[in-house]
Amino acid sequence: MLDMQQIEIINKILPNFKIKNYEIINTGANSVAIMVNNEYVFRFPLDKSNFDSYLKEKKILDIISPYIKSTQIPKLDIYQYEDIYFTQHKIIQGVD
């Protein structure tokens, strides 16, 4: 899937979310990550079966978030457009 198609999907699912700028920040074996407005990361799995790992990731993050106070944990939002699933979360700035 081309990044323009992904931007069009974001616009359809989130019509009030105004995209000012975007860039592909990672293309891996399982997904494409796009940074939007220098603040949000949208991840699109390259295969529908890869989306299962996103569901597991969200479940784990939701479980551990209340217990971890030393660092911020991203809050994943999951969206679906037709048969395409993707996640979105706000970037957390920190130190490696």
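Predicted model: local features only at pLDDT ≥ 70, side-chain atom pairs only at ≥ 80, totals over all residues.
Let's start with H89, a residue that sits in strand β5.

**H89 and its surroundings**
- H89 is buried, because its relative accessible area is 15% and the cut-off for buried is under 20%.
- Leaving aside residues up to four places away in sequence, H89 touches E39, Y40, V41, P74, K75 and L76.

**Strand β5 and its partners**
- Strand β3, residues 40-45, pairs with β5, residues 84-90, in the antiparallel sense over four bridges.
- One of the residues to look for here is Y40, whose bridge partner in β5 is K90.
- Strand β4, residues 77-81, also pairs with β5 in the antiparallel sense, over five bridges.
- Across from Y81 you will find I84 in β5.
- A hairpin is formed by β4 and β5, with two residues between them.
- In that turn, E82 has a positive phi of about 55 degrees.

**Helix α2**
- Helix α2 covers residues 51-64, and its 14 residues should span 20 Å at 1.5 Å a residue; the end C-alpha atoms are 20 Å apart, which agrees.
- The buried residues F51, Y54 and L61 belong to α2.
- Seen down the axis of α2, the buried residues fall within an arc of 75 degrees, so they line one face of the helix.
- What covers these buried residues includes β2 (31-36), β3, β4 and β5.
- On the other side of α2, K56, K59, I60 and I63 are exposed.

How values were computed:
Residues numbered from 1 in each chain as written. Heavy atoms only, no water. Pairing = 2+ DSSP bridges. Buried < 20%, exposed > 50% of the residue type's maximum accessible area, 1.4 Å probe, protein only. Contact = heavy atoms within 4.5 Å. Expected span 1.5 Å × (residues − 1). Arc of directions from axis to C-beta.
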